[in-house]
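I opened this model to see how its parts are placed. My notes follow in the order in which I looked things up.

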Amino acid sequence: MKTIYILLTIILSCSLQAQQTLDTLYANNQNTVAVFFPEAIKQAITGASHFVFTYNRETKQYFGLLQAQQGKTSNLLVVTDDGQVYSYILKYTQELPKLNYFISKTESIGSEVSTPIKQIPKKKTLDSIDKQAKDYKNYCQLLLKTKSERLAAKQRNGIKIQLQKMVYHQSETYLVLEVFNTSGITFETDFLKVYRISGNKKRKASYQRFEMKPVYMYNYPKKINTSQSLRFVYVLSKYVLGKKEKFLIDLQELNGGRQVKLLTKIRR
């Protein structure tokens, strides 16, 4: 079978006898720590779930955001677009020594090299995607069977959106939402978007808004009839809000001007 070249093997740039000591990055759950790399981030992973490192998987960017819950020391491994590999120790601390880390290429511990292997059949990739979607669906169904809560809600023009649960599970954040229509007019959904907001909107220099793309949606309502309510689940890549951050949930009507925006500080 025809072979292809894919990046598999990481070659360390130093020998075992002279291996460099890894630097430490500090984080907590009250602040967002930014880590800037010399090239765009291709892949990143932490060694424990209480450390969360997020980066833009759709549009290549040179930085990632680090947060942590209190727990044992772990590690972070990052591969950049040029094949360089970076590794750091992660520690939780209440008092952060810095909020921004600027990484230089000299801190790379090695690089990826091309290794010829047999081409992986597409079916295996599709099977993996199908399994992940099935896992999302099963967990969403489980959440919708549990008793609803009321974490936050907003109503406007007879349309009410309510956040009932925020659950961290594996590498995702699950938002259980419910939309109520008491307006007397059918509401057709144009979009529902979730943003992460920091700073004060009145102070433009400090205000930042980042859209958080869903990785999966379950039972998402395209239309809510009058006197009807629908529950659904919106799944995001795992992210823990900082002390000064909020979630903005924005529901917009199709072919109409009705819009409901729910702002919440909840960090479950």
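I started with T186 and found it in the loop between strand 13 and strand 14. Strands here are DSSP runs of E of at least two residues, helices are runs of H or I of at least four, and both are numbered from the N terminus. The model is predicted, so I noted its limits: local features need pLDDT of at least 70, side-chain atom pairs count only at pLDDT 80 or more, and totals for chains, interfaces and linings use all residues. Residues are numbered from 1 along each chain as its sequence is written, and side-chain values use heavy atoms, with hydrogens and water left out.

The classes are buried under 20%, exposed over 50% and partly exposed in between, with a 1.4 Å probe and protein chains only. I then looked up what T186 touches, taking contact as heavy atoms within 4.5 Å. Outside the four places on either side in sequence, T186 is in contact with N181, K223, I224, N225, T226, E253 and R258. N225 is 39 residues from T186 along the chain, yet their C-alpha atoms are separated by 4.5 Å.

**Strand 13**

Next I went to strand 13, residues 172-181, and found nine of its 10 residues buried. Which strands run antiparallel to strand 13? Strand 12 (residues 159-169) is joined to strand 13 by 10 bridges in the antiparallel sense. Strand 18 (residues 228-237) is also antiparallel to strand 13, again with 10 bridges. Two strands count as paired if DSSP finds at least two bridges between them.

I picked out L175 in strand 13, the bridge partner of M166. L175 also stands opposite Y234 in strand 18. Strand 12 and strand 13 form a hairpin with two residues between the strands, and there Q170 takes a positive phi near 55 degrees.

**Cores**

I then looked for nonpolar cores, meaning sets of buried Ala, Val, Leu, Ile, Met, Phe, Trp, Tyr and Cys residues joined through side-chain atoms within 4.5 Å. The largest has 25 residues, and I161, L175, L177, L192 and V194 touch the most other members. Strand 12, strand 13, strand 14 (187-198), strand 18, strand 19 and strand 20 (259-264) each give two or more residues to this core. Strand 12 gives the most, with four residues.

I checked L192 by itself. Leaving aside neighbours within four places in sequence, L192 is in contact with I161, L177, Y220, F232, Y234, I249, D250 and L251. Another core, of 20 residues, lies apart from the largest one, and A44, L66, L90 and Y101 are among its members.

**Q252**

I found Q252 in strand 19, residues 245-253. Q252 has a relative accessible area of 14%, so I filed this residue as buried. Neighbours within four places aside, Q252 is in contact with F187, E188, T189, D190, F191, G257, R258 and Q259.

I turned to four strands that form an open sheet of mixed pairing, in the order 5-6-3-9. Strand 5 (51-54) and strand 9 (100-102) are the edge strands, each pairing on one side only. From one strand to the next, the twist averages 20 degrees. The angle is taken between N-to-C directions of axes, which are lines fitted to C-alpha atoms (for helices over the stretch in contact), and runs from 0 to 180 degrees.

Strand 5 and strand 6 (residues 63-68) pair antiparallel over four bridges. I noted F51, whose bridge partner in strand 6 is A68.

**D81**

Where is D81 found? D81 sits in the loop between strand 7 (74-80) and strand 8 (84-92). D81 is partly exposed, since its relative accessible area is 32%. Not counting residues up to four places away in sequence, D81 touches E39, A40, K42 and K60.

**Whole chain**

Last, I noted the totals. The chain has one helix and 20 strands. Of its 268 residues, 38% are buried. Among contacts between residues at least 6 apart in sequence, 65% join residues at least 24 apart.
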